[in-house]
Amino acid sequence: MIDVNPAPTTHRDGRLVRVKRRAARPALLLGALALSAAVSAQGAAQPPLPTVELGAGTHRIVAEVARTPMQQQLGLMYRERMAPNAGMLFVYEQPQPHCFWMRNTVLPLTVAFVDDQGRIVNLLDMQPHTDDSHCAAKPVRYALEMNQGWFAKRHLGVGARLRGAPFTP
């Protein structure tokens with residue numbers, strides 16, 4: 001949002017003066033809002049994320065990596081489909097009991113909370129378009145979202161180990 005209130009600033013000779021900030025043109029603001037709404041509706045706002053190859057048992061996963069807070073907040077929102085062995089790996093700086101919700105997420109997903117050694121701590125199924133919290137059972141740095149049922153169909157549960165670059169010492 002653009003601040004149109006006067007703000008204190010210092011003049012060259014050291015005096016404190018108030019300078020009025022210029023408001024953005026209304027047409028520019030309306031255009032930006034319209035573009036934002038259109039992009040959100042289509043889900044096309046997501047730039048491509050880097051991917052990492054992971055292993056789970058004999059299965060291969062290609063996971064997009066969400067590292068920044070903005071990437072993590074957007075997650076898999078608005079996606080209408082995801083390849084069978086694709087997912088999204090959320091990577092956090094510190095282990096915490098991270099929680100996920102599914103607002104604006106179309107796909108039913110399963111989230112695996114994963115420790116630093118790549119072991120699955122807990123798995124939770126998440127339904128689309130809900131604000132229900134789905135939290136890690138203990139502090140973790142990683143969460144992997146896959147199409148719902150992916151882990152169950154492959155008999156991968158708590159204690160199963162994921163392999164790949166994020167989990168190697």
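The chain has three helices and 11 strands, where helices (H or I, at least four residues) and strands (E, at least two) are DSSP runs numbered from the N terminus. Follow the sequence along and you get the pattern β-β-α-β-β-α-β-β-β-β-β-β-α-β. Keep in mind that this is a predicted model: local features need pLDDT of at least 70, side-chain atom pairs count only at pLDDT 80 or more, and totals for chains, interfaces and linings use all residues. Residues are numbered from 1 along each chain as its sequence is written, and side-chain values use heavy atoms, with hydrogens and water left out.

**The whole chain**

- Buried residues (under 20% relative accessible area; exposed is over 50%, partly exposed in between, with a 1.4 Å probe and protein chains only) make up 36% of the 169 residues.
- The chain exposes about 10,600 Å², and carbon and sulfur atoms supply 56% of that; the areas come from the Shrake-Rupley method with a 1.4 Å probe, and for residues only the protein chains shown count as cover.
- Take the contacts (heavy atoms within 4.5 Å) between residues at least 6 apart in sequence: 63% of them join residues at least 24 apart.

**The sheet**

- Seven strands make an open sheet with mixed pairing, in the order S8-S7-S10-S5-S4-S3-S11; two strands pair if DSSP finds at least two bridges between them.
- S8 (120-126) and S11 (162-163) sit at the edges with a single partner strand each, so one side of each has no neighbour in the sheet.
- At the S8 end, S7 (residues 109-114) pairs with S8 in the antiparallel sense over six bridges, and Val111 stands opposite Leu124 in S8.
- S7 also pairs with S10, again antiparallel and over six bridges, with Ala112 opposite Leu144 in S10.
- S10 (residues 140-147) has seven of its eight residues buried, so the rest of the structure largely encloses this strand.
- S5 and S10 run antiparallel too, joined by six bridges; here Gly87 stands opposite Met146.

**The hairpin and the other edge**

- S3 (residues 51-56) and S4 (residues 59-66) are antiparallel partners over six bridges, and Glu53 has Val62 in S4 as its bridge partner.
- These two strands, S3 and S4, form a hairpin with two residues between them, and Gly57 in the turn has a positive phi of about 65°.
- S3 is also joined to S11 by two bridges, running antiparallel, with Gly55 opposite Arg163 in S11.

**A look at Gln96**

- Gln96 belongs to strand S5 and counts as partly exposed, at 42% relative accessibility.
- Leaving aside neighbours within four places in sequence, Gln96 is in contact with Lys138, Pro139 and Val140.
- Gln96 and Arg141 are 45 residues apart along the chain, yet their C-alpha atoms are separated by 6.6 Å.

**The largest pocket**

- The largest pocket has a volume of about 210 Å³. A pocket is an open set of points on a 1 Å grid over the protein atoms alone, where a 1.4 Å probe fits, with protein on both sides within 12 Å along at least five of seven lines.
- Of its 16 lining residues, the closest to the centre are Gln72, Gln73, Phe90, Phe100 and Trp101; lining residues have an atom within 4 Å of a point.
- Helix H2 (69-74), strand S5 (86-96) and strand S6 (99-100) are the elements that give two or more residues to this lining, and H2 gives the most, with three.

Terms used. Grid points are joined across faces, edges and corners, and a volume is the space filled by probe spheres set on the points.
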